[in-house]
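This briefing accompanies the sequence and model displayed below.

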Amino acid sequence: VQLQASGGGLVQAGGSLRLSCAASGRTFSSDVIGWFRQAPGKEREFVAYIRRTGSSSAYADSVNGRFTISRDNTKNTVYLQMNSLKPEDTAVYYCAASDVGSYRGAMYDYWGQGTQVTVSS
């Protein structure tokens, strides 16, 4: 039961990154895969989630219209395409698995190790 987040890096404001969350074990059978982020000195916050079928997703207001979440069930991978990045998007990004679609991190049972995203101004 593992979630492996990757794809972070350093990018200039206005640039793009694509994060990947590779899942193994029963985590990918979980109905929902979500992305959260935590900036230094701040609480963890919800970014986006997607249901197993890919038919339903949700976004935080702060990223809506700039980020797109998708999943490839044949590869057991969920992606977070991040466009028009801003310095305030700088954070460690985590993927997590849940049986319930929620904005609350407490509803997620399994977590990956995180990947750092740094956006320079």
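In strand β8, V78 is the bridge partner of R71. Six bridges join β7 to β8 (residues 77-82), and the two strands run antiparallel; strands here are DSSP runs (E, at least two residues), numbered from the N terminus, as are helices (H or I, at least four). Two strands count as paired if DSSP finds at least two bridges between them. The model is predicted: local features need pLDDT of at least 70, side-chain atom pairs count only at pLDDT 80 or more, and totals for chains, interfaces and linings use all residues. Residues are numbered from 1 along each chain as its sequence is written, and side-chain values use heavy atoms, with hydrogens and water left out.

**The four-stranded sheet**

- Strands β7 and β8 belong to an open sheet of four strands in the order β1-β3-β8-β7, with antiparallel pairing.
- Its edge strands are β1 (2-6) and β7 (67-72), each of which pairs on one side only.
- From one strand to the next, the twist averages 15 degrees; axes are lines fitted to C-alpha atoms, and angles run from 0 to 180 degrees between N-to-C directions.
- Strands of a sheet pair through backbone hydrogen bonds, either parallel or antiparallel.
- S20 is placed in strand β3 (residues 17-24).
- At 17% relative accessibility, S20 counts as buried; buried means under 20% relative accessible area, exposed over 50%, and partly exposed in between (1.4 Å probe, protein chains only).
- Leaving aside neighbours within four places in sequence, S20 is in contact with Q4, A5, S6, W35, T77, V78 and Y79, where contact means heavy atoms within 4.5 Å.

**Strand β9 and its partners**

- Strand β9 (residues 91-98) is mostly covered, with six of its eight residues buried.
- Strand β11 (residues 115-120) runs antiparallel to β9 and is joined to it by three bridges; here Q116 of β11 is the bridge partner of V92.
- Strand β10 (residues 110-111) is also antiparallel to β9, with two bridges between them; Y110 in β10 is the bridge partner of A97.

- R37 is found in strand β4 and, at 5% relative accessibility, counts as buried.
- Its side chain makes a polar contact of 2.9 Å with the side chain of D89; a polar contact is a pair of N or O atoms within 3.5 Å, and within protein one must be able to donate a hydrogen and the other to accept it, while residues adjacent in sequence count only if both atoms are side-chain atoms.
- A polar contact of 3.5 Å joins the side chains of R37 and S62.
- Not counting residues up to four places away in sequence, R37 touches E43, R44, E45, V47, S62, V63, F67, E88, D89, A91, V92 and Y93.
- R37 and V11 lie 26 residues apart in sequence and 17 Å apart in space, C-alpha to C-alpha.

**Loop residues**

- T90 lies in the loop between β8 and β9.
- A polar atom of the T90 side chain is 2.9 Å from the backbone nitrogen of V119.
- Apart from neighbours within four places in sequence, T90 is in contact with A39, Q116, V117, T118 and V119.
- G41 lies in the loop between β4 and β5 (45-51) and, at 90% relative accessibility, counts as exposed.
- G41 and G25 are 16 residues apart in sequence and 33 Å apart in space, C-alpha to C-alpha.

**The chain as a whole**

- The secondary structure of the protein chain comes to zero helices and eleven strands.
- The radius of gyration of the chain is 13 Å, close to the 14 Å that the globule rule gives for 121 residues, so the chain is as compact as a globular protein of that length; the radius is taken over C-alpha atoms, and the rule is 2.2 Å times the number of residues to the power 0.38.
- Along the principal axes, the C-alpha atoms fill a box of roughly 40 × 30 × 25 Å.
- Of the 121 residues, 45% count as buried.
- Among contacts in the protein chain with a separation of 6 or more, 56% are between residues 24 or more positions apart.
- The protein chain exposes about 6000 Å², of which carbon and sulfur atoms supply 44%; accessible areas come from the Shrake-Rupley method with a 1.4 Å probe, and for residues only the protein chains shown count as cover.
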